[in-house]
Amino acid sequence: MRTPSRLARALAVATLPLALAACGSHDSSSASASATPSASATKDPNAGLLTGTQLKKALAPASAFPAGLVPVPQGASDSGGKFLAPQPGKTGKPDCTKLNTTAWVSVAGPRGGVSYANDDRMDKSQTAEIAQEIDEFPGTAAAAALKDVRAITATCPTFTDTDLHAKVKVSGRSVPGLGDEAYAITLTSAGWENGTTLMAARQGNAVVTVMSTAGSDNGAAGAKKVAEQVVGSLQKQS
């Protein structure tokens with residue numbers, strides 16, 4: 001069985017809005033020309049988004065996880081009360097072997113959210129794991145993130161497990177009734193005792209990702225339960 005690894009931050013996003021011009025970049029002449037700054041110069045692209053501190057409160061509690069899964073030391077983090085600058089994306093042929101870790105989103109070339117919170121739980125044998133994360137994105141970037149998640153199954157229908165050198169099949173399906181839209185990706189291999197499921201759901205400008213190897217169903221039920229809990233918490237905060 002492959003050894004699971006902890007969830008890596010960020011969601012794959014095709015495009016993010018360009019940053020607005022800084023208000024302090026104009027000279028004295030332009031300042032005197034108009035007493036009221038234009039809307040494009042003052043609009044905050046992160047207005048209405050939740051900070052990492054707020055997202056941390058929306059993460060699923062211990063009761064949403066199967067018995068026996070305990071917090072991974074150093075496995076929880078968040079972006080605090082400030083927003084981050086969006087990370088640049090990547091281009092070129094994707095590295096499908098990155099699906100062998102929990103950093104699935106890096107396959108398509110990640111751009112990080114402007115705020116995030118995550119944690120990770122694992123059993124004592126380190127064979128069952130569920131990791132959850134919430135990322136907030138400005139503009140239409142959250143919808144673009146889900147689009148990229150859907151594209152992974154077409155880009156990487158199979159790959160070779162770098163640990164056991166086993167062939168891994170990648171499949172995906174839409175998940176109705178979960179947030180504004182949701183998609184699940186499942187990894188299976190004849191060389192593994194159990195597969196892995198990534199449940200990705202968008203709720204407004206937030207993208208929830210839950211990676212699960214827990215259970216005999218390739219982690220599907222555990223991933224969905226935690227994702228439903230997190231989406232419900234976000235809906236209450238909106």
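I began with Cys156, which is buried, having a relative accessible area of 0%; buried here means under 20% relative accessible area, exposed over 50% and partly exposed in between, with a 1.4 Å probe and protein chains only. I noted that this is a predicted model, where local features need pLDDT of at least 70, side-chain atom pairs count only at pLDDT 80 or more, and totals for chains, interfaces and linings use all residues. Residues are numbered from 1 along each chain as its sequence is written, and side-chain values use heavy atoms, with hydrogens and water left out.

I then looked for the partner of Cys156 and found that Cys96 forms a disulfide with Cys156, the sulfur atoms being 2.0 Å apart (a disulfide is a pair of cysteine sulfur atoms within 2.5 Å). The pair links distant parts of the chain, 60 residues apart, with Cys96 in the loop between β3 (77-78) and β4 (110-111) and Cys156 in the loop between α4 (141-155) and β7 (158-160). Helices (H or I, at least four residues) and strands (E, at least two) are DSSP runs, numbered from the N terminus. I read -75° about the S-S bond, a left-handed link, and Cys96 also counts as buried, at 16% relative accessibility.

Next I turned to Arg202, which lies in strand β10 (residues 196-203) and is buried at 18% relative accessible area. Leaving aside neighbours within four places in sequence, I listed the residues in contact with Arg202, among them Ala142, Leu146 and Glu181, where contact means heavy atoms within 4.5 Å.

Last, I checked the whole chain, and 47% of its 238 residues count as buried.
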